[in-house]
Amino acid sequence: MKYFFDSFVLDTALRELSNEGGAVKIEPKVFELLLHLVENRDRLISKDELVTSVWAGRFISDAAVSSALRSVRKALGDDGKSQRYVRTIHGHGFRFVAAIVETGSTHERTTPDNAVSDEPPNQDIRFCHSADGTRLAYATAGLGAPLVKAANWLSHLEFDWQSPVWKHFFNELASAHQLIHYDARGNGLSSWDVSDFSLDRQVEDLEAVVDTLGLEQFPLLGISQGCAKAAAFAARHPERVTKLVLFGGYARGWQHRDEPNSVVEGEARCALIRAGWGRDNEAVRQMFTTIYMPDAPPESKNWFTDLQKKTASAENAAAILMAHGNVDVRGILPDVQAPTLVIHSRNEAGVPYEQGQEIAAGIKDARFVTLETANHILPVSDPAWNRYVRLMRDFLEE
C-alpha cells in the first residue's frame, strides 16, 4: 500500500517514507506512529491508542510519545505551531489532516473532504454558441468562487470524470471552487461539425462560455494546449483574469519550434492519428502513452483507446493537432497582466521543458516551478501530483 500526500509517499511494503523520490530517514517506531495516524486519519487518535498500537501496550511516558510525535513532524517538515500534517487536539488526541491518495488496493481512496469519486459533484451541463455559431458544451461543478479551465486537446465533460487520467484533476479543482470547463470545438459534447480550429476561434469559444455565464472576473487555468488560449484570453481581457495558472504549456506549437525533428514528429503523429484513431491499435495507444504518461499505472495507460472513441473523430483529432502545432503567442505574452504561475515537468516528452520556460519568461513577473517527473499528464500515483495540488492551492489562495 502507498499513501501519497503533498510530495511525500508512505510505502507500507518498503516500510519507507520518501519525499520527491528520496528516502526520508525515520526510526521504525516513528514510522509506525505515522502509519497509524495516516491509516486512521478519519478520526482522532488518543495517546492511549498510540501506546497500544505502536508500543504494544508497554509503559511509555508522555515525554516519549511527545518526542515521537516531534520526530514525525520533523520528518515531514512540520512543527507543533503550523500542524500542517499532524494536528494536536489538546485533551483529546491527534489526527493526520493532510489530503491523502491511497493506492495499492482494489480502489483509490482519499480523505473524506477530497474524495475521488466517479461522479462529478453536482455537475450541470449546458450549451452555448461561439461567435461563428459553433455549438459548445460547458459545465459547472462544485461550490465556491469560480475557477475557469480553458479546454485542452481531448475532453468529454461526462467521460473525463470516469477517466483515471482526469478524475482526480477535476475533483481537486471542484473541491474548493465552482469549476467552469467546456469541451473544445470538435471534442466531446461540443459540435463535431467544425472546419476552423484556429487559435482565434478557440479563444472566442472561451469568451462565449464565460460571457454566457456572466463572469466578470475569475482565475483562469490552462493545461497543455489550453495554456496558449488561456494566455491569449488573459492578454485580450486583462481586466477579467485575476490569476493565471499554466501547466505543461507552450508559446510556440510544434511547427514553430527550434528542435530539429519537431515538424517531422508532429506530422508523423497526425498521420498515425488518421490511420489508427479510435481503433484498438496498440501502436497508437503506446505512442501517446509514452509521450504523455510514461510513468503512469496500467489503469491510466489503457485510457487512450476509449478516449479516442468518445472524444473526437480521426479527422477532427488530426485537424486539432495541426492547429495546435501552428500556435505562436510569443508576441502577446507581454500583454498578460494577471499574476501568473507556470508549472512544467522537467523530463516530459509531450511539451519540451524549454517551452515552459519560454512562456514564463514572456509574461512579466511570472513564477516558474519545475516538477520532477516525466509525465505530461500527472497520474494520481505520481508524487509530483501532490506538489502540483499544493502549488495550485497556495497560489489561488494568496
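What percentage of the 398 residues of the protein count as buried? In this predicted model, 57% of the 398 residues count as buried, where buried means under 20% relative accessible area, exposed means over 50%, and partly exposed lies in between (1.4 Å probe, protein chains only).

Figure 1. The secondary structure comes to 13 helices and 16 strands, which are DSSP runs numbered from the N terminus (helices H or I, at least four residues; strands E, at least two). The C-alpha atoms fill a box of roughly 75 × 45 × 40 Å, taken along the principal axes. The radius of gyration is 23 Å, which agrees with the value near 21 Å that a compact globule of 398 residues would have; the radius is taken over C-alpha atoms, and the globule rule is 2.2 Å times the number of residues to the power 0.38. Among the contacts with a separation of 6 or more, 69% come from residues 24 or more positions apart, a contact meaning heavy atoms within 4.5 Å.

Figure 2. The buried residues are Lys167, His168, Phe169, Phe170, Asn171, Glu172, Leu173 and Ala174. What covers them includes the strands β10 (135-141), β11 (146-149), β12 (178-182), β13 (218-223) and β14 (241-247), together with helix α13.

**Figure 3. The salt bridge between Arg393 and Glu172.** The closest N and O atoms of Arg393 and Glu172 are 2.9 Å apart, and the two residues form a salt bridge, that is, a side-chain nitrogen of Lys or Arg within 4 Å of a carboxyl oxygen of Asp or Glu. Because Arg393 lies in helix α13 (residues 383-397) and Glu172 in helix α4 (residues 167-175), the pair ties together parts that are 221 residues apart in sequence. Arg393 is partly exposed, with a relative accessible area of 30%, whereas Glu172 is buried, with a relative accessible area of 10%.

**Figure 4. The salt bridge between Asp62 and Lys47.** The side chains of Asp62 and Lys47 meet in a salt bridge, at 2.3 Å from N to O. Asp62 belongs to helix α3 (residues 62-76) and Lys47 to helix α2 (residues 47-54), so this pair ties together parts that are 15 residues apart in sequence. Asp62 is partly exposed, with a relative accessible area of 47%, and Lys47 is also partly exposed, with a relative accessible area of 29%.

Figure 5. Arg201 and Glu204 form a salt bridge in which the closest N and O atoms are 2.9 Å apart. Both residues lie in helix α5 (residues 199-212), three residues apart, which is about one turn of the helix. An α-helix has 3.6 residues a turn, so residues three or four places apart point the same way. Arg201 is partly exposed, with a relative accessible area of 21%, while Glu204 is buried, with a relative accessible area of 19%.

**Figure 6. A network of salt bridges.** Asp132, Arg185 and Asp205 are linked in a network of salt bridges, and a search of the whole structure finds 16 salt bridges.

**Notes to the figures.** Residues are numbered from 1 along each chain as its sequence is written, and side-chain values use heavy atoms, with hydrogens and water left out. In this predicted model, local features need pLDDT of at least 70 and side-chain atom pairs count only at pLDDT 80 or more, while totals for chains, interfaces and linings use all residues.
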